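Work through the exercises below with the structure open. Each task is followed by a solution in steps.

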There are 2 protein chains.
Amino acid sequence: MADTARRPEPRYGTRPTMKDVAARAGVGLKTVSRVVNAEPGVTPDTERRVQEAIEALGFRRNDSARVLRKGRTASIGLVLEDLADPFYGPLNRAVEEVARAHGALLINGSSAEDPDREQELVLALCARRVDGLIVIPAGHDHRYLEPEIKAGVATVFVDRPAGRIDADTVLSDSFGGARSGAAHLIAHGHRRIGFIGDQPRIHTAIERLRGYRTAMAEAGLEIHDDWVSLGTTAPERVREAVTAMLAGPEPVTAIFAGNNRVTVTAVRVLAAHHRPVAFVGFDDIELADLLDPGVTVIAQDAATLGRTAAERLFSRLDGAVDAPSRVVVPTRLIARGSGEIRPSA
Amino acid sequence: MADTARRPEPRYGTRPTMKDVAARAGVGLKTVSRVVNAEPGVTPDTERRVQEAIEALGFRRNDSARVLRKGRTASIGLVLEDLADPFYGPLNRAVEEVARAHGALLINGSSAEDPDREQELVLALCARRVDGLIVIPAGHDHRYLEPEIKAGVATVFVDRPAGRIDADTVLSDSFGGARSGAAHLIAHGHRRIGFIGDQPRIHTAIERLRGYRTAMAEAGLEIHDDWVSLGTTAPERVREAVTAMLAGPEPVTAIFAGNNRVTVTAVRVLAAHHRPVAFVGFDDIELADLLDPGVTVIAQDAATLGRTAAERLFSRLDGAVDAPSRVVVPTRLIARGSGEIRPSA
DNA sequence: TAGGCCCTGGACAACGTTGTCAGGTGAATG
DNA sequence: CATTCACCTGACAACGTTGTCCAGGGCCTA
């Protein structure tokens with residue numbers, strides 16, 4: 001009764017360790033470890049005693065210590081551009097499914113399209129000793145990853161290629177998709193087609209622009225400077241761009257949008273426009289089929305993108321040592337009406 | 001030339017440690033630690049030598065070891081229901097912003113609405129020794145968290161309340177929102193109003209149903225059994241439910257949808273229906289304003305939900321010890337047309 | 001009954017970092 | 001010139017776990 005202070009039980013705010021469990025069960029430390037890890041060589045009776053002690057103390061293995069000892073963390077990191085962008089939801093989920101199937105935990109964060117933040121995040125994940133990384137890059141120089149890769153951190157880039165290093169990459173066919181999208185509009189009689197894309201430092205933005213340019217060139221069409229707008233995808237800016245293209249003496253009769261954020265704004269502007277304008281967007285958007293007209297899009301398969309990247313990552317972790325590969329996932333044109341409008345002028 | 005094997009540099013696949021850095025810089029281990037952690041008491045010259053060695057070796061601190069020593073991980077876990085659900089995107093992002101502002105990493109995973117998976121995930125995060133947890137619960141019994149909370153893991157529940165334990169909670173006003181949504185339809189002359197909700201084991205589904213019932217009762221309206229459908233939100237099932245409500249001798253003239261997944265399916269069905277039916281959905285959806293008619297919704301503020309929860313979490317981590325609180329975030333009715341249609345029969 | 005084998009359990013070191021503390025060097029002061 | 005003091009630096013233990021290795025005891029066989 002005198003000295004309850006001699007900590008008979010771990011104090012509040014302190015976690016029990018295997019040592020505590022061992023003491024309570026009256027066994028050795030290693031025996032507890034064996035029970036916790038379901039290793040063979042423990043009598044059923046001993047195991048029961050240990051289990052009871054674990055239960056009673058609320059013991060939970062400290063994985064930090066475990067990692068320190070074992071070297072592997074059974075976790076992978078996913079760095080994406082914007083957690084709130086609906087395009088990344090299915091990708092994120094696909095990666096998580098694969099990670100889960102391999103018994104790994106997924107740690108993720110978003111770079112907000114800022115190269116410094118991307119690097120900071122990636123290095124923080126490396127300091128946590130993730131086994132592998134899946135990165136949707138914001139920057140263009142990933143040499144900072146060299147020591148990590150050399151140290152055995154498997155790395156796969158998705159959606160955009162790595163900069164200045166050679167690494168596994170999984171991409172959507174931005175060029176081909178954009179080309180077929182623009183060709184679709186051309187096939188429906190359009191000659192003056194506008195393009196609104198993301199910032200030119202983003203790889204997919206450049207590729208999509210290139211696809212548009214190629215389709216136009218293949219049809220022998222010139223592109224007026226005023227028809228192309230690249231920059232941030234902030235709604236007001238897109239709104240201005242669309243409005244500008246539709247004004248003037250020679251307005252465009254069709255618009256091709258370079259990504260989903262541009263699409264939603266462009267569709268809003270076009271809905272309010274006095275004359276029908278043909279439209280094709282890159283990336284599918286929810287409810288696109290219910291609008292009037294339905295929105296024709298070049299759909300990317302975000303889930304396949306994520307799944308493919310994650311599987312590549314785990315094959316690396318399982319020991320694959322072949323040269324870095326580049327996988328291109330095809331896109332699909334979904335005609336819903338907006339892309340099939342014929343020029344009115 | 002004889003024994004290059006005496007590993008002059010760390011081998012491939014092995015990471016340099018502070019010891020390696022110390023050896024190369026010709027200083028003590030602790031000095032390296034001081035430089036890495038920007039602790040005071042190192043000569044500029046010594047610091048430079050250490051920095052060079054770090055650079056040359058590509059050293060990166062092992063945070064697992066650090067955590068083991070320090071006890072805190074500077075990371076929090078977020079367990080949500082479905083990473084691909086657009087509703088959780090902004091929530092996820094808001095949490096990440098707050099975490100980042102506090103210098104913490106965010107680890108997340110989704111439970112896929114499976115209580116066992118939720119528990120598994122939460123405990124895995126605890127084993128990683130996250131400092132805190134934000135949980136969108138799938139299950140109804142969170143007593144398994146008691147040892148964790150006792151051990152000092154701050155825990156906040158969002159979107160749905162915790163089961164059988166007392167914990168901080170941040171909720172949307174599901175009851176009030178649903179009540180005002182149903183009241184809105186009643187105010188526009190509807191008497192026969194259908195409700196399609198999620199599975200009744202989900203708290204928000206029950207609250208929304210209760211809000212609907214309350215509004216009906218307050219208006220002195222009876223609810224026919226056939227007007228209420230609760231269950232999975234799989235498209236075919238919702239489709240059937242809507243179709244059933246619109247058939248028969250006394251079809252509903254308005255429908256209230258219990259969440260965003262129900263809304264998108266219901267809107268599709270109603271668009272194909274021969275007679276206009278009033279509609280209000282819980283949760284906003286993108287492009288709702290562009291549909292014809294625009295979709296009237298009860299909008300939740302997912303970002304505020306996430307931000308509030310994260311801030312509560314960090315105030316706990318900073319030492320707040322007051323009783324668990326329950327915050328209710330108000331919803332907002334956004335009238336866009338579909339909810340203002342008057343009954344046609 | 002004795003010898004040997006297998007099975008179980010435990011002592012100990014190591015993983016890479018940080019906190020503690022003591023030693024050592026140089027400048028400033030008496 | 002001796003002493004004090006401040007400041008830098010490094011040796012050492014500890015965090016909680018797992019791998020290695022050895023000891024002891026029970027059981028089977030000759």
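**Exercise 1**

Which handedness does the crossing of H1(B) and H3(B) have? Describe how the two helices pack.

Solution. The model used here is predicted.
Step 1: Locate the helices. In chain B, H1 covers residues 18–25 and H3 covers residues 44–57.
Step 2: Take the geometry. Their axes come within 9 Å and cross at roughly 120 degrees.
Step 3: Classify the angle. Angles of 65 to 115 degrees count as roughly perpendicular and those over 145 as roughly antiparallel; H1(B) is therefore oblique to H3(B).
Step 4: The crossing of H1(B) and H3(B) is right-handed.
Step 5: List the contact. H1(B) contributes Asp20(B), Val21(B), Arg24(B) and Ala25(B). From H3(B) come Arg49(B), Val50(B), Ala53(B), Ile54(B), Ala56(B) and Leu57(B).

**Exercise 2**

Repeat the description for H10(A) and H11(A).

Solution. 
Step 1: H10 of chain A runs over residues 235–246, and H11 of chain A over 260–272.
Step 2: The axes of H10(A) and H11(A) come within 9 Å, with a crossing angle of roughly 50 degrees.
Step 3: H10(A) and H11(A) are therefore oblique to each other.
Step 4: The crossing of H10(A) and H11(A) is right-handed.
Step 5: On the H10(A) side, the residues in contact are Pro235(A), Val238(A), Arg239(A), Val242(A), Thr243(A) and Leu246(A). On the H11(A) side they are Val262(A), Thr265(A), Ala266(A), Val269(A) and Leu270(A).

**Exercise 3**

Is Gly26(A) buried or exposed?

Solution. 
Step 1: Gly26(A) lies in the loop that joins helix H1 (18–25) to helix H2 (29–36) of chain A.
Step 2: Its relative accessibility is 58%, and exposed means over 50%. Gly26(A) is therefore exposed.
Step 3: Compare sequence and space. Gly26(A) and Arg49(A) are 23 residues apart in sequence, and their C-alpha atoms are 8.4 Å apart.
Step 4: Turn to H2(A). Here Thr31(A), Val32(A), Ser33(A) and Val35(A) are buried. Their cover includes H1 and helix H3 (44–57) of chain A.
Step 5: Look just past the end of H2(A). Ala38(A) takes a positive phi of about 55 degrees there.

**Exercise 4**

What does Arg117(B) touch?

Solution. 
Step 1: Arg117(B) belongs to helix H6 (residues 115–127) of chain B.
Step 2: With a relative accessible area of 9%, Arg117(B) is buried.
Step 3: Leaving out residues up to four places away in sequence, Arg117(B) touches Glu96(A), Glu97(A) and Arg100(A), as well as Ser110(B), Ser111(B) and Ala112(B).
Step 4: For a separation along the chain, take Thr214(B). It is 97 residues from Arg117(B), and the two C-alpha atoms are separated by 34 Å.

**Exercise 5**

How many aromatic pairs are there over all chains? Classify the pair formed by Phe87(A) and Tyr88(A).

Solution. 
Step 1: Rings pair if their centres lie within 6.5 Å. The count comes to 6 aromatic pairs over all chains.
Step 2: The ring centres of Phe87(A) and Tyr88(A) are 5.1 Å apart and the planes lie at 70 degrees, so this pair is edge-to-face.
Step 3: Check burial. Phe87(A) and Tyr88(A) are both buried.
Step 4: Look for a cluster. Phe195(A), Tyr212(A) and Phe256(A) are linked into one by ring pairs.
Step 5: Look for a charge over a ring. Arg208(A) lies over the face of Phe282(A), 3.9 Å from the ring centre. In chain B, Arg208(B) lies over the face of Phe282(B), at 3.9 Å from the ring centre.

How values were computed: Residues numbered from 1 in each chain as written. Chains lettered and ligands numbered in written order. Predicted model: local features only at pLDDT ≥ 70, side-chain atom pairs only at ≥ 80, totals over all residues. Heavy atoms only, no water. Phe/Tyr/Trp six-rings, centres within 6.5 Å; stacked < 30°, edge-to-face > 60°. Buried < 20%, exposed > 50% of the residue type's maximum accessible area, 1.4 Å probe, protein only. Lys NZ or Arg CZ within 6 Å of the ring centre and 35° of its normal. Axes fitted to C-alpha atoms, helices over the stretch in contact; angles between N-to-C directions. Helix = DSSP H or I, 4+ residues; strand = E, 2+ residues; numbered from the N terminus. Parallel < 35°, antiparallel > 145°, perpendicular 65-115°, else oblique. Left-handed = near helix turned anticlockwise from the far one by under 90°. Contact = heavy atoms within 4.5 Å.
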